[in-house]
Amino acid sequence: MGLRSDLRTIRHMAFPRVAGTTPAERMESYYRSTAEDYDAFRERLLHGRRALMGLLPTTPGTHLVDMGAGTGSNIAHLDERRRKECRRITLVDVSASMLDVARRRVERSGWDNVETVLASATDYRPQDGQVDIVVFSYALTMMPDWFAAVDHARAILKPGGTLAVCDFYVSRKHPTGGARHAAWRRHLWPAWFSHNNVFLSPDHLPYLRARFSTVRVRERLAPVPYLPARVPYYLFIGTKD
Ligand SMILES: C[S@@+](CC[C@H](N)C(=O)[O-])C[C@H]1O[C@@H](n2cnc3c(N)ncnc32)[C@H](O)[C@@H]1O
């Protein structure tokens, strides 16, 4: 926590160390040295996560899967009623270092319905049938095959199940509805974030709308620590017909 942690994170973002031949190896190498500092900085960078978790339609017995769950901070953002209602909460990630932090959080908090699974969002399979809710928070932008991850989430969801997503994005130049971002935003932010293998896309929201029945969309601008500009992010809640 504090300035030292911020400086370590900023140095890591300025000079990211990424090695490996598969997306999973590259992701683990990116996070290995920084997983412990992750939460303090991301709490001020990744907006909308608490709001997203507050919109989840949990009912008693829900199986919730958080894809690209990282350190499991979303479960801390889930209120106690929703957390306890879930029969099972599965935190899926390809980074063992991030899941180590998540596992320690789960043990420390005594969440006995939460498990961690080292797997890719494109091939994780629940052992006991289809699930009720799938969450992606700031994860799709780090998945090269994000459309395959969305399709896979749809496949493992029960009919009527909920997909909940929040992430950075940019609008299309001529969106058919919703926010339209200025040219400098559409050019600056994808270039800025791609340095850290975060790929902002104008196609997330149109694709999510095409694959799910939209329940709610929220488009906002959020502050970025130590920078004078605001970055666009969205919340999407949809159901599988
Ligand atoms: C920016 S972090 C977000 C973590 C967490 N969801 C949050 O909101 O703080 C992105 C996470 O996605 C994970 N990730 C990237 N590609 C993945 C994939 N194909 N399958 C599962 N997890 C993946 C990374 O390892 C990382 O933990």
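Me: By class, how many nonpolar residues does the lining of the largest pocket have?
Reply: This is a predicted model, where local features need pLDDT of at least 70, side-chain atom pairs count only at pLDDT 80 or more, and totals for chains, interfaces and linings use all residues. Residues are numbered from 1 along each chain as its sequence is written, and side-chain values use heavy atoms, with hydrogens and water left out. Here Ala, Val, Leu, Ile, Met, Phe, Trp, Tyr, Cys and Pro count as nonpolar, Asp, Glu, Lys and Arg as charged, and the others, Gly among them, as polar. Set aside 12 polar and 6 charged residues in that lining, and the nonpolar number is 31.

Me: Where does the ligand sit?
Reply: To count as sitting in a pocket, a molecule needs more than half of its atoms within 2 Å of the pocket's grid points. By that test, the ligand's spot is the largest pocket.

Me: How many charged residues does the shell around the ligand have?
Reply: The ligand is surrounded by 20 residues (a heavy atom within 4 Å), with Tyr 38, Arg 49, Gly 68, Asp 93 and Ser 137 the closest. Sorted by class, 12 are nonpolar and 6 polar, and the charged count is 2.

Me: Which residue has a side-chain N or O atom 2.5 Å from a ligand oxygen?
Reply: Polar contacts here are pairs of N or O atoms within 3.5 Å. A ligand nitrogen is 2.8 Å from a polar backbone atom of Gly 68, and a ligand nitrogen is also 2.8 Å from one of Ala 121. For the oxygen at 2.5 Å, the side chain belongs to Ser 137.

Me: What share of the ligand's accessible area does the protein cover?
Reply: Accessible areas come from the Shrake-Rupley method with a 1.4 Å probe. On its own the ligand has 600 Å², and the protein's cover is 95%.

Conventions: A polar contact is a pair of N or O atoms within 3.5 Å; within protein, one must be able to donate a hydrogen and the other to accept it, and residues adjacent in sequence count only if both atoms are side-chain atoms. On a 1 Å grid over the protein atoms alone, a cavity is a set of points where a 1.4 Å probe fits but cannot get out, and a pocket is an open set with protein on both sides within 12 Å along at least five of seven lines; lining residues have an atom within 4 Å of a point.
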